[in-house]
Amino acid sequence: MPQYRMWWLLLLVLFTAACERQAVPATGDADTQAAAQAEPAPPPVVLEDVIERDPRYIVGISYSPIAKSYPGLAALLKAYADAARAELDAALQGLGDARPDGPYDLALAFSEVVATADIVAIAANGSSYTGGAHGNPLVARFVWLPARNERLAADALLADPQGWETVSAYVREQLYQRADRMGSTRTLIDQGTAPTASNFDQFEPVLDAEGRIVALRFVFPPYQVGPYSAGVQVVEVPSAILSPLVAGEYRDLFR
């Protein structure tokens with residue numbers, strides 16, 4: 001693997017970490033804090049940036065400081081990073097005593113997208129290279145609801161799973177308009193946007209000045225709706241379409 005690629009990946013992770021070095025303290029009312037003190041808390045998840053370099057591999061992982069304020073969110077990010085690291089380690093073990101032509105690598109940055117009292121959103125972006133023409137993209141989004149102490153996930157977002165038909169139709173139309181530019185086909189777009197929650201599980205909120213959701217930006221990694229060369233694709237679905245479909249317990253989050 002070219003030397004410039006390794007250093008670019010390291011610089012990407014280090015730059016993201018440096019831009020977010022100031023942590024935001026957790027907030028909560030007295031009742032919530034009292035309840036937390038009454039029940040034994042699980043061991044805290046420690047989020048530590050990682051920089052490792054070896055003749056056979058290079059690893060760079062950085063975490064957004066805001067995630068450290070929410071143990072449940074921190075656990076999700078750590079699990080994602082650990083899974084990516086496990087795949088790299090498995091590839092290295094598969095080499096035995098051999099040395100790859102170019103070092104394998106893992107570059108992963110967790111960055112803050114949104115941080116309010118009601119919604120915290122973290123973007124995971126990076127890649128893992130274990131041989132071949134290019135690295136494997138790492139793309140994920142985590143939307144955390146501090147007041148509920150839970151992740152806002154696609155499979156619980158809508159009141160009725162059939163609502164994904166409406167979301168899918170809107171997203172497909174937007175992607176059809178870019179198909180030629182992406183080098184994609186309608187067949188690939190249709191497969192990647194079939195109306196199931198699993199195809200729309202990566203999203204981030206777009207907020208207005210008052211902190212209400214005015215759109216959800218759905219994120220599609222390379223290969224889902226287009227070839228690798230098309231990169232990550234995003235489509236914003238406005239709240240005017242989403243609000244009637246959203247489950248009642250989440251509707252107050254939307255404009």
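Asp54 stands opposite Tyr57 in S2. This is a predicted model: local features need pLDDT of at least 70, side-chain atom pairs count only at pLDDT 80 or more, and totals for chains, interfaces and linings use all residues. Residues are numbered from 1 along each chain as its sequence is written, and side-chain values use heavy atoms, with hydrogens and water left out.

Strands here (E, at least two residues) and helices (H or I, at least four) are DSSP runs, numbered from the N terminus. S1 pairs with strand S2, residues 57–62, in the antiparallel sense over five bridges. Two strands count as paired if DSSP finds at least two bridges between them. Glu52 has Val59 in S2 as its bridge partner. Two residues lie between S1 and S2, which form a hairpin.

## The sheet

Six strands make up an open sheet, and the pairing is mixed. The order is S1-S2-S3-S4-S5-S6. Strand S1 (50–54) and strand S6 (150–151) are at the edges; each has a single partner strand, so one side of each lacks a neighbour in the sheet. Helix H3 (residues 71–95) packs on the sheet. H3 touches S1, S2, strand S3 (104–115), strand S4 (120–129), strand S5 (136–145) and S6. Contact means heavy atoms within 4.5 Å. The direction of H3 makes about 170 degrees with that of S3. Axes are lines fitted to C-alpha atoms, for helices over the stretch in contact, and angles run from 0 to 180 degrees between N-to-C directions.

S2 and S3 pair in the parallel sense over six bridges. Ile61 has Leu108 in S3 as its bridge partner. From S2 the chain crosses through H3 to S3, and this β-α-β crossover is left-handed. A crossover would be right-handed if, with the strands pointing away from the viewer, the path from the first strand over the helix to the second ran clockwise.

Is S2 enclosed or open? Six of the six residues of S2 are buried, so the strand is largely enclosed by the rest of the structure. Buried means under 20% relative accessible area, exposed over 50%, and partly exposed in between (1.4 Å probe, protein chains only). In a regular strand, side chains alternate between the two faces of the sheet. Both faces of S2 are covered. Tyr57, Val59 and Ile61 are buried on one side, and Ile58, Gly60 and Ser62 on the other.

Leu73 sits in helix H3. Its relative accessible area is 0%, so Leu73 is buried. Leaving aside neighbours within four places in sequence, Leu73 contacts Ala67, Val120, Ile122, Phe142 and Trp144. Leu73 and Val143 are 70 residues apart along the chain, yet their C-alpha atoms are separated by 8.5 Å.

## Helix H5

Which residues of H5 are buried? They are Trp164, Val167, Ser168, Val171, Leu175 and Tyr176. Seen down the axis of H5, these buried residues fall within an arc of 155 degrees, so they line one face of the helix. The arc is that of the directions from the helix axis to the C-beta atoms. The buried residues of H5 pack against helices H4 (154–157), H6 (179–182), H7 (186–192) and H8 (239–242). They also pack against strands S8 (213–220) and S9 (233–238).

## Loop residues

Arg148 lies in the loop between S5 and S6. Arg148 is partly exposed, at a relative accessible area of 36%. Not counting residues up to four places away in sequence, Arg148 touches Glu249, Tyr250 and Asp252. Asn149 is in the loop between S5 and S6. Asn149 is exposed, with a relative accessible area of 53%.

Most residues other than glycine have a negative phi. Phi of Asn149 is near 55 degrees, a positive value. Tyr223, in the loop between S8 and S9, has a positive phi of about 85 degrees although it is not a glycine. Tyr223 counts as partly exposed, at 44% relative accessibility.
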